[in-house]
Amino acid sequence: MVIDIFNHVLPPAYLERLKAVSDERGDKTYRRQLPIKPLYDLDARLRVLAEFGDDYRQIICLGSPPIEAVAGPELSPELARLANDGMSEFCRQSRGRLPSFAASLPMDNPPAAMREIERAVGKLGAKAIQIFSNVAGKALDEPELFPIFERMAALDLPILMHPARGPSFADYRSESRSKYGMWWSLGWPYETSIAMARLCLAGIFERLPSLKIVTHHMGGMIPYFEGRIGPELGHFEAREADPDYAAVPKSIARNPLEHLRKFYADTALFGAAAATRCGLEFFGVDHCLFATDCPFDSVGGSDFIRKTLQVVDGLGLKPADREKLLSGNARRLFRLEL
Amino acid sequence: MKIDVFTHIMPAGYLQRIGQGTAHDPGMSKRVANIAALHDLQTRLRMVEQFGDYQQILSLASPPIEVLAGPDRSAEIARSANDAMAEICAKHRDHFPSFVASLPVNNPAEAVKEIDRAITKLNACAVQIFTNVAGHPLVEPQYFPIFERAAHHDRVIFMHPARSAQFTDYPSESESKYELWWALGWPYETSVAMARMVYAGFFDKLPNLKILTHHLGGMIPYFEGRVGAGLDQIGTRTPGQDHQALVGGLKRRAFDYYKMFYADTALFGSLPATRCGLAFFGVDHCLFASDSPFDPEGGTMFIRETIRVLDALEISAADRQKLYEGNARRLLKL
């Protein structure tokens, strides 16, 4: 079996509400999604899955934009409920092809987010939550967000972390916008890496040892730049005057890299074989999960699925490790009975 | 012979001259003072000798000259840096066969003159630029003559990343924390600078342009799928910008141009990452470099670790010789 753990949908009722809220604000971000039918049309989606046989399943989650980027804290709980009801319905109607979903949360309203976790996991059958690498511009290590991590650790269910950044995050001080899609193609993996480093250095795994966070796109930049994190960020004593460093628990400061390996990572690298090997070596096969980012390729989903399967086939893994990567780790983390 | 192509120095005279410039940045002054091999030539020579059949190409350490001085003074500072590096190389050719010239990039007319002077009079083997010019992208038209001139001399441009803590990671914060602006922001800078050159058509305009990217091409090799299959859909995600029109002006698929860059092995001891970068650029486009002396030991650790990684790569002896020496001799005309 193949379980694709990070891929996106926009259930129809949620999409209608997203359009209305976005139009009110003059936000055109959602329009890019409209030509991609497998996002919101379940039959179209299941046709994409059918190309890959009965053994290929998807755990779905919501597509960008993050709810907190389109709605304030008053409206975000309602949008999250709509999204989760819609995803739950997709799963129910999928004849087993979509075994579960990662719930969306109103992250800008932590009390409502806590209530939505209970509803989504307890009543709707969600087996994970999805968060983004920042909450409307704020870092994930803000204390008000900690109860969300704490609750997921207690439930022993994973958190999927998706990157978020918009074109208004300029790449150069002299410019007001990011050009040529750099904000998502490279800015998103940067976002993921920073969020990982911040959570790790804030001691999240010290406080919640059983917490499981799956980072999209194979851990952002961390595996490729393990050398820059290792000896340099590990050299904290040279910087003790800095209050940021003074607050880092000593056990982490000694070796941040070992703590960064506590994250999980997915294989959504769009067909990059050498990079997948590099990421796999960093996180280890027990911490890597198969994912494709379907349907955000140029043909509505099947291209990234095919490319990612090809990469996994070419890794030369032992059968037991291959099984872990394709489905075993997902079964364990998401506590699936499949 | 192993030729380490990207290593940094602060000649003592140069350091004195810019002393005032570093005063506003106590972190940088402290860092420089703590690393003797950066400014003390005897320490540096002893360090190089420890590695036997090993030489270093010298280049100036951060900060970029254009961050220290405006266009009125940058040319004079660059000249003094280059004179000092030329003198060190002339005296210690066995340790330092050549150097990479610094340029007053914020004064393009002077920068072009300094390229000519450094290459023809001082025996510089290449020139160094940073990923932004005091906050401006390198593709702004006023900087183009610099690229043109380096290509005219058929000399490699070394591209070093630049960013400071003031470039924040979150809109809700005023500074980047934990030096992440350095650890991760620098490779991001390199990647975006590469992409901007690609889309500006640099490689169509200057077919023999050779740019060496520090730290094995920034994020590009690991995210080849995002700059490839991902950015093939350019424009679909950003409302209000006509990207197709810009991309349409390129002679090839944008992705192909990224492989025209060169890259160095300064990944501080990561074998899996080095394999990934090498698979992307190919062995003819990769050069041995350590980023010495910016490691916790003051210079020796990154050299030793990088050699360990290169020795462990599953490649032929001929390919390893290219990485260590052959490519450097060819590209830097040593």
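This is a predicted model: local features need pLDDT of at least 70, side-chain atom pairs count only at pLDDT 80 or more; totals for chains, interfaces and linings use all residues.
Residues are numbered from 1 along each chain as its sequence is written, chains are lettered from A and ligands numbered from 1 in the order in which they are written, and side-chain values use heavy atoms, with hydrogens and water left out.

Empty space was examined next. Rolling a probe the size of a water molecule over the atoms shows where such space is left. On a 1 Å grid over the protein atoms alone, a cavity is a set of points where a 1.4 Å probe fits but cannot get out, whereas a pocket is an open set with protein on both sides within 12 Å along at least five of seven lines; lining residues have an atom within 4 Å of a point. Grid points are joined across faces, edges and corners, and a volume is the space filled by probe spheres set on the points. Four cavities of 30 Å³ or more are found in the whole structure. The largest cavity holds about 70 Å³ of space, and its lining includes Leu60(B), Pro63(B), Ile65(B), Val105(B) and Phe130(B). Helices (H or I, at least four residues) and strands (E, at least two) are DSSP runs, numbered from the N terminus, and the elements that give two or more residues to this lining are helix H6 (65–68) and strand E4 (126–130) of chain B. E4(B) gives the most, with three residues. When Ala, Val, Leu, Ile, Met, Phe, Trp, Tyr, Cys and Pro count as nonpolar, Asp, Glu, Lys and Arg as charged, and the others, Gly among them, as polar, the lining of the largest cavity divides into nine nonpolar, two polar and one charged residues.

The second largest cavity, with about 50 Å³ of space, is lined by residues of chain A, among them Leu62(A), Pro66(A), Met107(A) and Phe132(A). Helix H3 (67–70) and strand E4 (128–132) of chain A each give two or more residues to the lining of this second largest cavity. The second largest pocket holds about 800 Å³ and is lined by 35 residues, of which Pro66(A), Ala69(A), Arg165(A), Gly166(A) and Pro167(A) lie nearest its centre. The largest share of the lining of this pocket, three residues, comes from H3(A), and by class the lining has 16 nonpolar, nine polar and 10 charged residues.

Two cis peptide bonds can be described beside these elements. One joins Ser64(A) and Pro65(A), with omega about 5°, and Pro65(A) is placed in the loop between strand E2 (56–62) and H3 of chain A. Another runs from Ser62(B) to Pro63(B), with omega near 0°, and Pro63(B) is placed in the loop between strand E2 (54–60) and H6 of chain B.

His217(A), which lies in helix H10 (residues 216–219) of chain A, has a positive phi of about 60° although it is not a glycine, and His217(A) is buried at 1% relative accessible area. Asn123(B), in the loop between helix H8 (108–120) and E4 of chain B, has a positive phi of about 65° and is partly exposed at 48%.

Finally, a disulfide is a pair of cysteine sulfur atoms within 2.5 Å, and the structure holds zero disulfides over all chains. For Cys125(B), the nearest cysteine sulfur, that of Cys89(B), is 8.1 Å away, and Cys125(B) is buried at 2% relative accessible area.

Conventions: Buried means under 20% relative accessible area, exposed over 50%, partly exposed in between (1.4 Å probe, protein chains only).
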